[in-house]
Amino acid sequence: MKKVKTLILRTAGTNCDQETAHAFRQVGSEVDLVHINALVKDKKILSKCHILAIPGGFTYGDDIASGKILANEIKSKINKEMHAFVNSGKLVIGICNGFQVLVKMGLLPKLGGKSDFQIEATLSLNDSGKFEDRWVHLKSDSKNTKCVWTKGLPEIIYVPIAHAEGKFIPKNRSVLKSLKDNGQVVFRYTTQDGLEASYPENPNGSTDAIAGICDPSGRILGLMPHPERHVSFLQHPNWRRLSRTDKRLGIGLKVFKNGVNFAKKNL
Amino acid sequence: MTVSDKAIPIKRKNIMKYVRIEVKDRENIFDAVREGLKKNVLDLGIKTVKDAEYIQVYSLRGDFDSGDVQKIAKEILTDMVSQECSFPKPFKAKKKAHVVEIAYNPGVMDPVEHSTMKAIEDSGIKGISSLRTSKKYVIYGNLKKKDIEKITDKLLYNKVIQHVVKTSEEIKPLEPYNFERVEVNILNANDKDLKRLSIEGQLYLSLVEMKAIREHFRRIGRNPTDCELETIAQTWSEHCKHKTMMGAINYNGKHFKNLLKETVMKVTRDLNRSWCISVFKDNAGIIEFDSKNNICFKVETHNHPSALEPYGGAETGIGGVIRDPMGTGRGSKPIINTDVFCFGIPDAPISKVPRGALHPKRVLKGVVSGVRDYGNKMGIPTVNGSVCFDERYTGNPLVFCGNVGIMPKKFSTKKVSPGDLIVAVGGRTGRDGIHGATFSSAELTHESESISSTAVQIGNPITEKKVMDTLLKARDLELYDAITDCGAGGFSSAVGEMGEETGADVNLEKVLLKYQGLKPWEIWVSEAQERMVLAVKPKKLKKIMDVFRSENVEAVVIGKFTKTKKLRLYYDKNVVADIDMSIIHDGLPKITRKAVWKPKKQNKGIQRREPKNLTKDLTKVLSTWNVCSKEWIIRQYDHEVQGGSVLKPLIGPENDGPSDASVTRPIFTSNKGIALSNGINPNYGDIDPYWMAASAIDEALRQITAVGGDLDKVALLDNFCWGNTEKPTQLGGLVRASQACYDIAKVYKTPFISGKDSLNNEFNMGKKTVSIPPTLLISAIGVVDDVRKTISSDVKEVGNLLYVVGKTFDEMGGSQYFAVNNIKGGVVPRVDPVKSLKTMKALSAAIKNGKVRSAHDASEGGLAVCLAEMLFAGGYGAAVSLKGVPREASIKRSDMLLFSESNSRFIVEITPENKKSFEKTMKGIPVKCIGKVENTKKMIVTGLNDKEIINANINTLKTNWKKPFRKLMHEES
């Protein structure tokens with residue numbers, strides 16, 4: 001059977017590369033951790049992969065704004081290759097800082113699938129004004145979205161967030177409306193019982209409690225929470241309270257499995 | 001001639017040399033910076049502020065055109081979705097606006113400059129030669145000049161590193177340095193001159209030491225150069241040499257040749273545990289983890305810098321301690337951070353804060369932000385910590401930072417050989433942090449902020465992260481033979497230590513500088529951050545440089561190790577130092593210090609009638625600064641990064657209960673883990689430092705036991721923070737604490753593997769000097785065989801039985817109960833290590849066998865707080881009776897039983913079916929079943945008199961426990 005290859009992009013300040021690599025490896029993908037300099041030097045590397053993952057961290061210190069400098073670097077140095085990669089139907093996932101990068105280079109939400117990346121949203125400073133680490137409940141709308149990464153997820157999943165700039169703000173109302181109409185809103189913060197969330201369940205004050213979105217094709221996913229930090233039950237903050245049947249896998253692993261399985265079948 | 005050959009001048013519009021770009025959030029966006037500022041202004045008692053704006057300013061110089069500026073402003077610096085920008089003119093302010101702009105002082109590093117320049121260059125704009133940032137605050141409202149000054153001074157800037165920008169500030173380029181050989185006339189100096197030289201030169205050496213230096217140079221018949229004198233002062237500083245603790249002491253008639261060796265270090269030698277790989281030698285102590293890996297652990301303080309500039313001081317504190325494991329052996333990968341702070345009272349009225357000291361709340365916020373930003377950006381989880389409060393820490397807070405690293409066993413050693421190249425890697429060298437090593441031995445005064453401002457630095461975690469990433473690569477390729485970090489004393493200390501056995505030649509002009517103008521000695525002792533020093537074989541140089549270059553890390557050869565046993569420094573071929581390594585490392589004169597200790601007389605009884613109902617007292621104790629929830633701090637640390645934390649600092653179904661030790665699983669494919677804890681209680685030190693030390697050890701070990709760790713493989717770290725130990729009574733306390741370390745740890749069979757001391761923690765207010773309470777932090781690290789068997793402290797199921805483990809004594813001295821009721825004196829908690837070890841071993845065994853559902857150690861606030869925390873963390877109530885709780889016969893009062901802080905005690909939760917086997921395992925240990933977990937939200941305690949003495953709703957207790965920080969930070973919900 002075909003081996004799926006995932007490229008995890010690194011640069012100064014990336015720090016969730018190891019756990020992201022572990023998640024992809026666990027579901028059978030080969031993983032290459034590639035520094036942006038190496039990719040700029042040999043741009044062909046990208047086309048040899050099926051999945052591009054931009055992991056969490058503080059690339060370039062979150063200076064100017066989180067994700068901005070790496071987004072600018074990708075656009076300035078490997079724009080053509082990025083377009084080619086996305087246009088060939090390959091998969092992209094951006095987690096936390098990776099999501100910030102995707103939004104700030106215009107690869108998300110990519111309304112109407114325009115080939116030229118437009119900036120239509122942003123992620124800015126949490127309403128609490130500070131970095132926060134907490135576990136959150138996410139409602140995944142897997143029925144109404146084309147997102148290939150979330151197929152078959154239970155309605156509510158439990159994963160941690162850890163960020164200072166995660167407040168999702170669409171450029172205007174029509175962007176928000178399109179996001180909803182297109183089924184691009186993949187994850188929303190919610191309460192344990194699936195009700196509307198306010199702080200701290202919505203940890204950053206995101207518009208419409210949006211935690212993650214995909215592009216219209218469903219192949220590019222960006223989210224603030226960290227599914228790669230819940231790939232084993234031991235990472236659950238209260239695994240000691242779980243029943244025996246719940247002590248199997250971490251729910252976040254399913255996201256990576258979906259991506260890799262899709263790549264296996266379609267790419 | 002074709003057209004294309006003709007040189008057509010490219011038409012550029014509006015060539016510019018300078019532009020200012022301002023960026024702010026759009027008005028319809030909720031700006032947390034603005035809202036936070038408004039709340040903080042209210043704290044100052046200024047109620048007339050109507051609104052505020054926060055504007056980020058970028059000032060660019062170079063050669064560029066208006067098109068470039070458009071692109072820079074709109075595509076790079078401004079988020080056009082949520083922000084707007086203005087250039088070249090500033091935003092128009094509305095009426096009644098007070099504008100304050102803050103910028104870093106020249107020479108203070110601003111990490112944003114570098115990354116922003118990179119972004120601009122990435123975009124293809126090459127004409128920017130320099131970029132500075134500043135922060136502009138626009139404050140609206142009816143405010144007097146005095147109010148604005150107060151806001152500026154208390155909230156917006158710190159003059160140690162920043163200044164208020166006056167109109168049209170011109171930044172003068174720094175003058176280049178022209179070499180000049182400087183000798184210090186010491187041969188003809190009399191004692192008075194020597195004293196003056198020590199003070200004015202910020203050497204902070206004693207007269208005896210200055211005389212020893214004079215003797216040495218008289219022997220060789222010449223004066224020292226400035227570099228030589230600085231090198232000796234730095235190496236001989238208390239910070240680097242630990243001359244008090246490693247020195248001779250006469251204590252109550254008993255003579256110690258070397259206090260540390262005869263107490264703390266002797267434990268390790270006597271125990272001789274096979275799993276101790278490297279102790280008190282390298283930058284961190286190393287123990288064995290599994291068959292392939294070792295782990296190392298280091299904790300140290302960064303107190304004086306944090307007092308002056310809390311953010312930068314704490315940042316560089318954690319940044320510095322992370323470099324220790326990075327520089328241990330041939331380098332380990334940092335995997336865990338831990339932090340312990342001691343602050344003044346954070347809601348103290350401003351009038352109570354002495355001149356020259358920052359308000360404790362400001363210190364707290366700055367320190368937490370510094371540790372948060374650096375630790376999080378390094379991608380290292382902060383999983384454990386503690387915070388203590390006492391008025392006496394106001395002028396001299398304590399900031400302990402710790403880091404654990406993991407390394408393949410073969411990288412646990414290092415070796416420098418003559419001929420190896422000295423490679424400096426990482427951050428550039430600047431004037432920041434000069435005299436940090438010597439300054440740390442000075443007393444803080446209200447003038448410290450102006451005298452010692454160069455001793456404070458701002459860190460750049462991303463530089464350190466890059467260094468770490470590439471060093472681990474280079475290590476795995478075995479491209480270097482030895483490594484150490486540049487900490488206190490900079491290159492002087494790093495190269496001096498590495499070359500102690502060989503000798504070293506260094507060419508100081510090769511060092512990469514942040515800016516020009518540094519003198520050779522400044523380059524040599526600068527403590528600029530994020531630098532490491534390596535010993536590299538010449539044949540491996542190209543390869544290692546390639547590794548660094550591939551990820552934009554700067555590295556340069558600055559010299560080589562020799563076999564001369566001399567330290568020789570050059571600047572452009574001029575010799576600026578030429579001294580024997582032996583004078584640096586062994587020349588320190590030995591003196592005997594005097595120490596005395598007299599036990600204080602303590603009244604034993606409680607001068608308070610026993611209340612009939614203790615609910616109120618429990619509530620009060622839960623809302624003391626020392627006991628209350630530290631969630632506001634903990635949440636700001638990333639405790640999940642690297643994916644290894646399997647027992648987190650916040651626990652229970654609502655993830656807000658307090659945890660004991662943390663447990664980390666560092667390798668994804670293994671269930672082996674690391675338990676980490678801290679023990680500290682300065683309250684006991686006022687009564688007797690001996691029992692404070694014993695209690696700190698017991699507390700750290702209790703926490704490891706409570707999560708299911710096994711004391712068979714636990715190592716300890718010591719961190720002594722004391723006042724001025726030139727005072728015999730202060731030193732007497734230090735000796736007693738050291739003796740306790742030996743007596744207690746020896747019985748527990750837990751060796752010390754590393755430690756640090758910070759003496760002279762005093763704040764001088766003119767006539768009065770305030771000393772910190774004697775403070776000993778004990779950090780413990782243990783290897784856990786199977787993390788799946790570890791437990792947490794939140795109660796799990798209704799119907800389970802609750803047991804008290806361990807005996808309670810009449811030990812109310814230093815207790816929180818006494819503190820809230822303003823009762824003085826009392827007997828301080830003691831430790832019987834033989835009995836305690838038996839208790840802990842039995843409990844460990846019970847947990848390992850799966851017989852215990854939850855366990856929590858009793859510390860501050862005693863059994864009452866212990867039970868309350870277990871209940872509100874787990875979300876269930878309980879009904880318990882104090883009758884039969886193991887206790888000293890003289891205890892007749894329920895309040896004593898509930899609030900005494902006796903050591904070696906736990907409350908544990910057992911399922912009814914495990915009752916028998918648990919009791920069997922605990923045979924011979926004082927235990928008693930006190931009641932059950934109930935499906936109520938009530939904590940009900942029946943006292944020794946069979947009457948209900950506590951009846952409280954657990955949610956109310958929790959709210960009160962959370963209240964102090966919520967109120968302080970205006971987060972009341």
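1. Leaving aside neighbours within four places in sequence, which residues is Leu479(B) in contact with? They are Ala474(B), Val536(B), Lys540(B), Lys543(B), Ile544(B) and Val547(B), where contact means that the C-beta atoms, placed from the backbone, lie within 7 Å. Leu479(B) sits in the loop between helix 16 and strand 17 (482–485) of chain B; helices (H or I, at least four residues) and strands (E, at least two) are DSSP runs numbered from the N terminus.

2. On numbering and confidence: this is a predicted model, in which local features need pLDDT of at least 70 and side-chain atom pairs count only at pLDDT 80 or more, while totals for chains, interfaces and linings use all residues. Residues are numbered from 1 along each chain as its sequence is written, and chains are lettered from A and ligands numbered from 1 in the order in which they are written.

3. Leu479(B) is buried, because 23 other C-beta atoms lie within 10 Å; the cut-off for buried is 20 or more, with 12 or fewer counted as exposed and values in between as partly exposed. Between Leu479(B) and Met545(B) there are 66 residues in sequence and 9.7 Å in space, C-alpha to C-alpha.

4. The largest nonpolar core has 337 residues, and Leu867(B) and Ile907(B) touch the most other members. A nonpolar core here is a set of buried Ala, Val, Leu, Ile, Met, Phe, Trp, Tyr and Cys residues joined through C-beta atoms within 7 Å. Helix 24 (residues 689–706) of chain B gives the most to this core, with 11 residues. Another core, of 8 residues, lies apart from it and includes Val108(B), Val160(B), Ala307(B) and Ile458(B).

5. The axes of helix 10 (residues 264–271) and helix 25 (residues 728–748) of chain B come within 7 Å and cross at roughly 25 degrees. The two helices are therefore roughly parallel, a term used for angles under 35 degrees. On the helix 10 side the contact is made by Val264(B), Lys266(B), Val267(B) and Asp270(B), and on the helix 25 side by Ser738(B), Cys741(B), Tyr742(B), Ala745(B) and Lys746(B).

6. Between chains, 50 residues of chain B are in contact with 51 residues of chain A. Elements of chain B that give two or more residues to this side include helix 1 (32–43), helix 13 (360–378) and helix 16 (461–476). Helix 3 of chain B gives the most, with 7 residues.

Definitions and conventions
Axes are lines fitted to C-alpha atoms, for helices over the stretch in contact, and angles run from 0 to 180 degrees between N-to-C directions. Angles under 35 degrees count as roughly parallel, over 145 as roughly antiparallel, 65 to 115 as roughly perpendicular and the rest as oblique. Two residues are in contact if their C-beta atoms, placed from the backbone, lie within 7 Å.
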